[in-house]
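Have a look at the model first, and then read on.

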Amino acid sequence: MQNPKFPTYTPVKKKRLGKNPNVDTSFLPDWEREVKENRLREELRQEWERKQEKIKSEEIEITFSYWDGAGHRKTVKMKKGNSIEQFLQRALEVLRKDFRELRSDRVEQLMYIKEDLIIPHVSGF
């Protein structure tokens with residue numbers, strides 16, 4: 001029996017909202033985008049390493065002075081990536097030709113001094 005005053009109640013189905021294609025979702029995780037970004041990062045890292053190797057392989061001429069009461073200016077050619085120890089070794093080889101007193105000296109006994117900067121042969125630079 002139905003009461004004509006009160007109609008029967010039929011439940012209303014809730015509408016499920018769909019995805020809005022106009023919403024910016026770039027902040028959400030996306031596997032494909034991450035793969036592309038990782039690939040791009042790897043390519044940029046390799047390019048940076050190639051540029052660094054190219055820069056390190058360039059030769060520069062370094063003028064230095066040996067001081068024994070008078071300044072004796074000499075020059076050596078070095079690659080940019082070489083260490084202070086390698087520079088001092090090359091400088092010692094050049095100086096040994098002219099100064100007999102340096103024939104028994106070792107690189108460990110030398111240091112590079114430029115104005116107020118003093119760099120020993122084992123430097124973290």
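This is a predicted model: local features need pLDDT of at least 70, side-chain atom pairs count only at pLDDT 80 or more; totals for chains, interfaces and linings use all residues.

**Briefing: salt bridges, fold and pockets**

Asp98 is partly exposed, at 48% relative accessibility; buried means under 20% relative accessible area, exposed over 50%, and partly exposed in between, with a 1.4 Å probe and protein chains only. Residues are numbered from 1 along each chain as its sequence is written, and side-chain values use heavy atoms, with hydrogens and water left out.

**Fold and surface**

- The chain has 2 helices and 4 strands, taken as DSSP runs (H or I over at least four residues for helices, E over at least two for strands) and numbered from the N terminus.
- Along the sequence, these elements come in the order α-β-β-α-β-β.
- Of the 125 residues in the chain, 12% are buried.
- The accessible surface is about 11,700 Å², and carbon and sulfur atoms account for 53% of that area; the areas come from the Shrake-Rupley method with a 1.4 Å probe, and for residues only the protein chains shown count as cover.
- If we take contacts (heavy atoms within 4.5 Å) between residues at least 6 apart in sequence, 24% of them join residues at least 24 apart.

**Salt bridges**

- The structure holds 7 salt bridges, each being a side-chain nitrogen of Lys or Arg within 4 Å of a carboxyl oxygen of Asp or Glu.
- Glu108 forms a salt bridge with Arg106, with 3.2 Å between the closest N and O atoms; Glu108 is partly exposed at 41% relative accessibility.
- Arg45 is partly exposed with a relative accessible area of 37%, and Glu49 is partly exposed at 37% relative accessibility.

**Pockets**

- The largest pocket holds about 440 Å³ of space. A pocket here is an open set of points on a 1 Å grid over the protein atoms alone, where a 1.4 Å probe fits, with protein on both sides within 12 Å along at least five of seven lines; lining residues have an atom within 4 Å of a point.
- Grid points are joined across faces, edges and corners, and a volume is the space filled by probe spheres set on the points.
- The lining of the largest pocket has 17 residues, with Phe64, Ser65, Tyr66, Met111 and Tyr112 nearest its centre.
- Strand S1 (59–67), H2 and S3 are the elements that give two or more residues to this lining.
- The second largest pocket has a volume of about 180 Å³.
- Its lining includes Ile60, Met78, Phe87 and Tyr112, and S1, S2 and H2 each supply at least two of the lining residues.
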